Amino acid sequence: MSQNVYSVRFLLSLVVREEKNLDDVLDRTTELFRIYRNLLADILQTGREKGTFRTSVTPQADAALIMATLNGILVQGFAVGGLQTDPKPLLEQLKIGLAERLLPATP
């Protein structure tokens, strides 16, 4: 997304303004979102089965939470006078939180 920031911003502005004739674009965007979420859930499921991730990991819910968090960071960056202009600290905090949530405790 960082390589196509202006396209993403344009799409979000159309959605916010409730432009007409967006159904096809929104359908494609929703499908991509679903594909990425499902791929992430598959990775989490495989990691749980192999013992890379905790047995308490819930692949679909954790994947949805990760995607929602990433979307929130993206939208926050586009907000007028964005609260956080550099997403890197937020992404780093997300990585730390995910490691604590997903990885088994070390002895």
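## Buried positions in helix α2

Buried here means under 20% relative accessible area, exposed means over 50%, and partly exposed lies in between (1.4 Å probe, protein chains only). Helices are DSSP runs of H or I with at least four residues, numbered from the N terminus. With those terms in hand, we can look at helix α2, where Leu40, Ala41, Leu44 and Gly47 are buried.

After α2 comes Gly51, with a positive phi near 85°.

Residues are numbered from 1 along each chain as its sequence is written, and side-chain values use heavy atoms, with hydrogens and water left out.

The predictor's confidence in each residue, pLDDT, runs from 0 to 100. Its mean over the chain is 81, and 71% of the residues reach 70 or more. Where pLDDT is low, the predicted coordinates should not be read in detail.

## The nonpolar core

A nonpolar core is a set of buried Ala, Val, Leu, Ile, Met, Phe, Trp, Tyr and Cys residues joined through side-chain atoms within 4.5 Å. The largest one has 9 residues: Leu40, Ala41, Leu44, Phe53, Val57, Ala63, Ile66, Met67 and Leu102. Two elements, α2 (23-50) and α3 (59-78), each give two or more residues to this core.

Leaving aside residues up to four places away in sequence, Met67 touches Phe33, Tyr36, Arg37 and Leu40, where contact means heavy atoms within 4.5 Å.

## Two salt bridges

A salt bridge needs a side-chain nitrogen of Lys or Arg within 4 Å of a carboxyl oxygen of Asp or Glu, and the count comes to 2. In one of them, Glu31 meets Arg34 at 2.4 Å, N to O. These two residues are 3 apart in helix α2, so about one helical turn separates them. Glu31 is partly exposed at 35% relative accessibility, and Arg34 is partly exposed at 34%.

Arg101 and Asp62 also form a salt bridge, at 3.1 Å, N to O. This pair links distant parts of the chain, with Arg101 in helix α4 and Asp62 in helix α3, 39 residues apart. Arg101 is partly exposed at 32%, whereas Asp62 is buried at 7%.

Note on methods. This is a predicted model: local features need pLDDT of at least 70, side-chain atom pairs count only at pLDDT 80 or more; totals for chains, interfaces and linings use all residues.
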